[in-house]
Amino acid sequence: MISPSTSLAERVRSILPPTSAIRWLRSAEDATALRGLIRACYGQSYSYEALYEPGRLEAAWTNGSLMSLGEYVEGGSLRGHTGLWAKDPSGHALESGLSLVDPQRRREARTHEKRVWATLRDGLAPLVSFVHQHTTTLHPMAQRYALRHMQA
C-alpha cells in the first residue's frame, strides 16, 4: 500500500509498465536519449524548447512535474516516449504530452502504445480525477495517436 503522503509522481511511477522494454525514465542517459528522440521527431522545433537544454528533463523528473515512460528497443535505443505533466497544483489531474515515436522505428512493436495507455488508464484511475489530452498538434498523426492508443 502506498502512503497518501507519497508524492503524486512517486505514486504514478509505482504503476508497473506493461513490458520489460518499457520503463520509467529518470537518469542522465535517459534524458540524452529523450532529447535525441525529440530531435528525431521535431528537429529543433519542439514547442517545449527548454527540454533541449541539458539538465531540464532531469529537473522535471526530480521535481515531479514530468513522469516519463520510455520504450527501449534491442540495441538500447529509445523508440518511444509517453509523458505525463503534473501542472495541476491540487494533484487531481495530469496532462498527457510528449507522446513520441522514433520516425525510423514506427512499425516496430506497434502494440506497445495501446498496452502503455491501457496500463496507465487502469493505474491512474485511483490516483487522479482527470488525464487531460491536449492534442493541439494539427498533424493528423497526433490526432490518430490520441484516438487509437489513448482512447481520447
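Me: Of the 152 residues of the protein, what share count as buried?
Reply: This is a predicted model, in which local features need pLDDT of at least 70, side-chain atom pairs count only at pLDDT 80 or more, and totals for chains, interfaces and linings use all residues. Residues are numbered from 1 along each chain as its sequence is written, and side-chain values use heavy atoms, with hydrogens and water left out. Buried means under 20% relative accessible area, with a 1.4 Å probe and protein chains only. By that criterion, the buried share of the 152 residues is 40%.

Me: In what order do the elements of the protein run from the N terminus on?
Reply: Helices (H or I, at least four residues) and strands (E, at least two) are DSSP runs, numbered from the N terminus. The protein has five helices and five strands. Their order is α-β-α-α-β-β-β-α-β-α.

Me: How many residues of strand E4 are buried?
Reply: Strand E4 spans residues 93-101 and is mostly covered. Of its nine residues, the number buried is eight.

Me: Which residue in E4 is the bridge partner of Gly83?
Reply: Two strands pair if DSSP finds at least two bridges between them. Strand E3 (residues 78-85) and E4 run antiparallel, joined by five bridges. The partner of Gly83 in E4 is Gly97.

Methods
Buried < 20%, exposed > 50% of the residue type's maximum accessible area, 1.4 Å probe, protein only.
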